[in-house]
Amino acid sequence: MNLAAVPGTGPATSPLPVVRPSKVKEFSDLPTGRTLVMGVLNITEDSFSDGGRYVNADDAIKHGLRLMYSGADIIDVGGESTRPGAAFVDPEVEAGRIIPVVEALSKAGAVISVDTMHVSTARAAVEAGAHIINDVSGLTHETGMPELVAELGVPYVLMHRRGDQQNMHDFAHYDDVVGEVLAELGELRQTFLDAGVKPEQLIIDPGLGFAKEAPHNWALLHRLAEFEAFGHPVLIGTSRKRFLGSLLSSSGVPAAAEARDAATAATSALAAAAGVWGVRVHEVEATYDAVKVATAWIHGGSGETVPGA
Ligand code: PMM
């Protein structure tokens, strides 16, 4: 697609995006029959690969539209970096970054997930049009998320993490990383069910890179199929992560974040072939194609269906 022809996706200096009236999408409108591509939109100063690029709401909205027109099925909007060592962000500051962008993108027809660990931000984002809550905290951050998810009835990404962004490295010790992550996710899952969350609301994510070193991430990917046992959709985020940089290092120097996109597309295709529901990526176009290849490979054809299309 020629993005230059798409309203609102020009350079950052061009006027506000023209948000055309279009069909507002719902979660149930998402394609089935192939792995979904979730495009990352970080409205932060300090995310590891795109921090500082989209702190201005207009730039963030334009990038969200770009992701949509590049093939993203879902736009994951976040306002707090979760990279190791990142500063905590006040929930009001976070909401101030996120909400105008969620409103604009949902009016433009995007299916949106809100990447937040804060109950108040999650609620405000859903009220502003977000469809999914993506919470990387593993319930280590705030109380009240299970009750909120039960009340709102929206899909929720339950990700595994130990500790918080400032100390999670201290907890990256496992005898059997797959068994321990499965067991800890199982306990968290039960907490949500006990709070009244319906099983069909839950999406499971092993949390690559969150209190995990490279060998842990590769072990989890190697045994990804075991995460299907919960009976929930599985989401995977490998995009530009440090373990890919280490794999691609040259003379001991890790590959730069932007030089990890081909490896991200490869892991996404392999995850799609393993049957995951979604992959979360910064650079959508290559992964969108990679997922299509994996789908055609598995089904011997395109295999995609769009509800209501
Ligand atoms: N990784 C990051 C942020 N949010 N959400 C989910 N569900 N899974 C992930 O693996 C994940 C996430 C870190 O990446 P970023 O700082 O580039 O957004």
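Predicted model: local features only at pLDDT ≥ 70, side-chain atom pairs only at ≥ 80, totals over all residues.
**Entry 1: the chain as a whole**

I began with the secondary structure, which comes to nine helices and eight strands. I then looked up burial: of the 309 residues in the chain, 54% are buried. The chain exposes about 12,900 Å², and I noted that carbon and sulfur atoms supply 56% of that area. For contacts between residues at least 6 apart in sequence, I found that 69% join residues at least 24 apart.

**Entry 2: the sheet**

In what order do the eight strands lie in the sheet? I read the order as β6-β5-β4-β3-β2-β1-β8-β7, in an open sheet with parallel pairing. The edge strands are β6, residues 202-205, and β7, residues 235-236, and each of these pairs on one side only. Next I checked the helix on the β6 side. Helix α5, residues 177-194, packs on the sheet and touches β5 (156-159) and β6. I noted that the direction of α5 makes about 145° with that of β5.

I then went to β1, residues 36-42, which runs parallel to β2, residues 74-78, and is joined to β2 by five bridges. In this pair, Met-38 stands opposite Ile-74 of β2. I also looked up what lies across β1, and found helix α9, residues 284-299, which lies across β8 (278-281) as well. Helix α9 runs at about 165° to β1.

**Entry 3**

How many bridges join β4 to β5? I counted three from β4, residues 132-135, and the two strands run parallel. Asp-135 has Leu-158 of β5 as its bridge partner. On the β6 side, I found four bridges between β5 and β6, again in the parallel sense. There Leu-158 stands opposite Ile-204 in β6. I went on to the side chains of β5. Tyr-156 and Leu-158 lie on one side of β5, Val-157 and Met-159 on the other, and all four are buried, with both faces of the strand covered. For β6 I noted that Leu-202 and Ile-204 point one way and Ile-203 and Asp-205 the other way. These β6 residues are all buried too.

**Entry 4: the ligand**

I looked up the shell around the ligand and found 16 residues. The closest are Asn-134, Asp-205, Lys-241, Arg-280 and His-282. I then went through polar side-chain atoms. One of His-282 lies 2.7 Å from an oxygen atom of the ligand. One of Asn-134 lies 2.8 Å from a ligand nitrogen atom. One of Asn-42 lies 3.0 Å from an oxygen atom of the ligand.

How much of the ligand does the protein bury? Taken alone, the ligand exposes 420 Å², and I noted that the protein buries 98% of that. Which elements give two or more residues to the shell around the ligand? I found β1 and β5.

**Entry 5: Ser-81**

I picked Ser-81, which lies in the loop between β2 and α2 (91-107). Is Ser-81 buried or exposed? I count Ser-81 as buried, because its relative accessibility is 2% and the cut-off for buried is under 20%. Its side chain reaches the backbone nitrogen of Arg-83 at 3.3 Å.

**Entry 6: Met-68**

Met-68 sits in helix α1, residues 57-69. I set aside neighbours within four places in sequence and found Met-68 in contact with Ile-75, Ala-108, Gly-109 and Ala-110. I also took a C-alpha to C-alpha distance, from Met-68 to Leu-105, and got 9.3 Å for a pair 37 residues apart in sequence.

**Entry 7: Arg-242**

My last entry is on Arg-242, found in helix α7, residues 242-247. Arg-242 has a relative accessible area of 54% and so counts as exposed, since the cut-off for exposed is over 50%. Beyond its neighbours within four places in sequence, Arg-242 is in contact with Glu-213 and Arg-260. I also looked up Pro-254, twelve residues from Arg-242 along the chain, and found their C-alpha atoms separated by 8.0 Å.

Technical notes. Residues numbered from 1 in each chain as written. Heavy atoms only, no water. Pairing = 2+ DSSP bridges. Contact = heavy atoms within 4.5 Å. Axes fitted to C-alpha atoms, helices over the stretch in contact; angles between N-to-C directions. Buried < 20%, exposed > 50% of the residue type's maximum accessible area, 1.4 Å probe, protein only. Polar contact = N/O pair within 3.5 Å; in protein donor to acceptor, adjacent residues only side chain to side chain. Near = heavy atom within 4 Å. Areas by Shrake-Rupley, 256 points an atom, 1.4 Å probe, with all protein chains shown as cover.
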